[in-house]
Amino acid sequence: GVITNTGGAVRVQTLPGQENYPAVNANGIQSQVLSRWASSFSVTAGSKSTALEAVGRSVSTARPSTGKRPKKTLDKKAGNKDCKADIAFLIDGSYNIGQRRFNLQKNFVGKVAVMLGIGTEGPHVGVVQASEHPKIEFYLKNFTATKEVLFAIKELGFRGGNSNTGKALKYTAQKFFSLENGARKGIPKIIVVFLDGWPSDDLEEAGIVAREFGVNVFIVSVAKPTTEELGMVQDIGFVDKAVCRNNGFFSYQMPTWFGTTKYVKPLVQKLCSHEQMLCSKTCYNSVNIGFLIDGSSSIGESNFRLVLEFVSNVAKAFEISDIGSKVAAVQFTYDQRTEFGFTDFVTKDKVLSAIRSIQYMSGGTATGDAITFTTRNVFGPVKDGPNKNFLIVLTDGQSYDDVRGPAAAAQKAGITVFSVGVAWAPLDDLKDMASEPRESHTFFTREFTGLEQMVPDIIRGICKDFLDSKQ
C-alpha cells in the first residue's frame, strides 16, 4: 500500500493484488505488506511533516506473490540480478544538515535501497557517514537483505561536526571496497555522495583518488548553497571535479529533502546501468576479443594445439563475465566455423574449456573470406555494445584470397586488428591486415613454440589501444 499522512490519521490506498491483506487500524501499522516498509518511515500523529510517502513498489522483488507471476522473479534472497553494483552511500552527518534533515536523508536512502532490490546476487550496499571524521557505519558484507539494510539505516545516529566530504570520500575509496569487507570481483564500485549545501573541505583530490581506485563517484546535491553561503565554498566547481566523469550522468540534484519519492526511481536507474560506470572500465573488463584461427592442413594437429594454448593464454588475462570482457573464436580453412560467439560463455572457465575443445579442421587458407565472415557474424551482434572490439588473426601461410579489403572493412566497423603470423605467413599479408600503426599490430614467429613469448605483448597492445580510444 501507499501511505499518505493527513495530520494524525493514516490513510492507506491499496495497490492491486493486495486487497486480501489485513488493513491498518487507527493505532498503527499491522499490515503484513507494510511491515517490511515500517522501518523506512515513522508515523507521528498530528505532525505537519510531509515526509511520509513510502512507496512499496520495488524492482521486481518487493511485491508479494499474487500467484500470477512465475516464482523465479520473486526470489527475494537473490535480489535484482540485473543490477550489478557494490554501492557505498556516503551520507551527510554534519551540522550543515541538522538532525531533522538528517532523518529525511535516511528516509530517502532507505527508499533507494528498497528499490535497488538488494540480495545475494543483486546489488550490495553499505553506509559511511561524513562529518568531522568519516565513519563506516556498515560494510557491503554485513547485510544482504533489504529488511536488514533498512533497519541498519534507521538505527544510524547523527554525528554532527563539519561536512568534511572530501576527507570522507577519499577514506571510503581507499578503505571501503576491499574483498574482505565484501566487495565482489568484476562488479562496478559506486560511491553515492549525499551533500546538503556544500562541502567544507576540498573534493578534487578525493575525486582523483576514487578514480585511481576504479570507483564511480556520484554526487547527489540537495539544496544548493545560497548566495550568502557561496563565499564559504572552497571550490564552486566541486561537483564536476569529484564525480567519475564530468558528463552530466554522475551528478543528481534534488531541490529539498521533502517530497523526495519521485527522485528515487531515476537515481536507481542510474546506479543500475553498469555500462555507464566509466570509472570501473579497464582494458581487462571492457573488451571483446575475437580469435580467427587458421585450421589449414599445413599446421598439423600438434602445432594446432600450440595455437590453442596461445589463444587460452591471451584470454586468461581478461575479466570475462556477463558484464565484463567477452571472447569468441572462429576457425577457418576455405570454410569458416564459429567455434563460439561472444555471448555463448560468460565465465572464464567455460571460455577456456571451449577453447581447449576446438577440433582441428584441416584444409585450405582463405583468410579474407574468414575476416568478412567474422566481422559480420561474430562482431555484428555486439557492434553497438559498450565494449571495444579486437580481432586477432592467426595464420601460418599465404591466403588464397585478398585480405586487404576485408581487413579495411573490419577496421571501418570499429574492430582493431592484430595479425599474428607463423612459419610461412607472408609479412605483406600480415601488414595488410593489421590496424595502424602496423608495426605494433603485426607479429611474426618462425616456430609455433614462439607464440608463447608474444602473449604479454598482445595483451599490452590491447590495453594501449583501449586507453588511447578513451582519451
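Analyst: Phe-102 is found in helix 2. Helices here are DSSP runs of H or I with at least four residues, strands are runs of E with at least two, and both are numbered from the N terminus. The model is predicted, so local features need pLDDT of at least 70 and side-chain atom pairs count only at pLDDT 80 or more, while totals for chains, interfaces and linings use all residues. Residues are numbered from 1 along each chain as its sequence is written, and side-chain values use heavy atoms, with hydrogens and water left out.

Start with burial. Phe-102 counts as buried because its relative accessibility is 0%. Buried means under 20% relative accessible area, exposed means over 50%, and partly exposed falls in between, using a 1.4 Å probe and protein chains only.

Now the contacts, meaning heavy atoms within 4.5 Å. Setting aside neighbours within four places in sequence, Phe-102 meets Ile-91, Asp-92, Gly-93, Ile-97, Gln-129, Leu-156, Gly-157 and Phe-158. There is also a longer link to note. Phe-102 and Trp-257 are 155 residues apart along the chain, yet their C-alpha atoms are separated by 9.0 Å.

Next, the core. A nonpolar core is a set of buried Ala, Val, Leu, Ile, Met, Phe, Trp, Tyr and Cys residues joined through side-chain atoms within 4.5 Å. The largest one has 68 residues, and Phe-89, Leu-116 and Leu-271 touch the most other members. Helix 2, residues 98–116, gives the most to this core, with eight residues. Phe-89 shows how the packing runs. Leaving out neighbours within four places in sequence, Phe-89 is in contact with Val-109, Val-112, Leu-116, Val-125, Gly-126, Val-127, Val-128, Val-192, Phe-194 and Leu-271. Another core, of 41 residues, lies apart from it, with Ile-320, Leu-352, Ile-355 and Leu-451 among its members.

Step back to the whole protein. It has 15 helices and 14 strands. Of its 471 residues, 53% are buried. Take the contacts between residues at least 6 apart in sequence: 77% of them join residues at least 24 apart.

Then comes the largest pocket. A pocket is an open set of points on a 1 Å grid over the protein atoms alone, where a 1.4 Å probe fits and protein lies on both sides within 12 Å along at least five of seven lines; lining residues have an atom within 4 Å of a point. The largest pocket holds about 500 Å³ of space. That volume is the space filled by probe spheres set on the points, which are joined across faces, edges and corners. Its lining has 25 residues, with Lys-185, Gly-186, Ile-187, Asn-285 and Glu-319 nearest the centre. By class, the lining has 10 nonpolar, nine polar and six charged residues. Ala, Val, Leu, Ile, Met, Phe, Trp, Tyr, Cys and Pro count as nonpolar, Asp, Glu, Lys and Arg as charged, and the others, Gly among them, as polar. Domain 1 (86–276) and domain 2 (287–468) both give residues to this lining, so the pocket lies between them. The domain bounds come from an automatic or database domain assignment.

Ser-286 sits in the loop between helix 8 (261–272) and strand 9 (287–294). Ser-286 is buried because its relative accessible area is 1%. Beyond residues up to four places away in sequence, Ser-286 touches Lys-281, Ser-325, Asn-387, Lys-388 and Phe-466. Lys-388 is 102 residues from Ser-286 in sequence, but 6.5 Å away in space, C-alpha to C-alpha.

Finish with backbone details. Ala-423 has a positive phi of about 55 degrees although it is not a glycine. Ala-423 lies in the loop between strand 13 (415–422) and helix 13, and Ala-423 counts as buried at 14% relative accessibility. Ser-362 also has a positive phi, near 70 degrees, and is not glycine. Ser-362 is in the loop between helix 10 (348–356) and helix 11 (367–379), and Ser-362 is partly exposed, at 37% relative accessible area. Glu-436 and Pro-437 are joined by a cis peptide bond, with omega about -15 degrees. Pro-437 lies in the loop between helix 13 (427–433) and helix 14 (438–441).
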